[in-house]
Amino acid sequence: MAPAASPVHAGPVPPGFCRDAACGARSAAAIYRGLTGWWPAEVSIHDDDDFDAHVFASLIAVAASEGGAVHLRLGLSAAELKRLVGRRFPGATILLRPDDGETVPHDDEVAMVHDLLRAYASRDDEDARWLAAMVARRAVEPNHLWEDLGLRDRGELTRLLQRHFGALAAKNTRNMRWKRFFYRTMCETDGFVMCATPVCSHCADFEACFGEETGESRLARARRDAPPPLS
């Protein structure tokens with residue numbers, strides 16, 4: 001990914017958040033392009049640093065399109081989001097509302113996923129700390145986890161986890177859905193099991209754990225569904 005010399009905003013993008021779904025459809029992909037200089041479907045991520053920039057841009061874009069305070073939807077403090085944007089996307093318009101100084105509320109479920117990821121972080125650096133917080137927060141959203149991270153497919157989520165939380169990713173030997181895998185791992189750590197059947201293939205929840213995770217990414221849908229620009 002060749003970062004833009006200065007961010008190029010494609011059409012009007014609200015300053016950090018959208019108030020309704022129509023706004024989100026117009027702005028999610030445009031926010032990503034404003035951060036990176038590329039549309040999500042066009043970006044090359046062969047290089048690891050380019051991939052990381054793609055992940056952070058995807059997270060910010062999808063969170064900013066949903067409405068409300070962006071940092072709260074990412075599980076970060078306002079200061080952490082400012083630092084992230086400043087380091088990864090220098091020159092970008094900061095994606096915060098003026099009243100975004102509020103503290104991220106505590107959520108036990110988010111905290112447990114966060115602690116799991118931090119325990120398996122491949123490195124103790126800012127990227128890993130930010131990603132642990134953001135993945136944990138987005139894991140409580142209702143869609144496939146890769147969708148709620150704004151990524152293009154499940155393979156990108158797998159690469160993210162292998163790169164930044166490698167020891168945890170290596171434990172998913174049966175390619176279980178990642179969100180389900182997080183919860184199973186936490187339950188087993190506490191001595192619980194998620195299914196009474198000892199063989200997964202005989203479990204009533206097999207599809208919920210191992211079914212396909214296909215579909216169109218949220219950013220792709222946002223760009224496709226966006227109304228044509230005014231002439």
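Analyst: Helices here are DSSP runs of H or I with at least four residues, numbered from the N terminus. Keep in mind that this is a predicted model.

User: Where does N175 lie?

Analyst: N175 has a phi near 60 degrees, a positive value in a residue other than glycine. With a relative accessible area of 47%, N175 is partly exposed. As for its place, it's in the loop between α9 (166-171) and α10 (178-189).

User: Which residues are buried in helix α4, and what covers them?

Analyst: In α4, which spans residues 78-88, the buried ones are A78, L81, L84, V85 and R88. Looking down the axis of α4, they fall within an arc of 125 degrees, so they line one face of the helix. In an α-helix there are 3.6 residues a turn, so residues three or four places apart point the same way. The cover over the buried residues of α4 includes α2 (48-64), α3 (70-74) and α6 (126-138).

User: What separates the C-alpha atoms of V104 and L74?

Analyst: V104 sits in the loop between α4 and α5 (108-119). Beyond four places in sequence, V104 touches H71, L72, G75, L76 and S77. V104 and L74 are 30 residues apart along the chain, and their C-alpha atoms are separated by 9.2 Å.

Notes
Residues numbered from 1 in each chain as written. Predicted model: local features only at pLDDT ≥ 70, side-chain atom pairs only at ≥ 80, totals over all residues. Heavy atoms only, no water. Buried < 20%, exposed > 50% of the residue type's maximum accessible area, 1.4 Å probe, protein only. Helix = DSSP H or I, 4+ residues; strand = E, 2+ residues; numbered from the N terminus. Arc of directions from axis to C-beta. Contact = heavy atoms within 4.5 Å.
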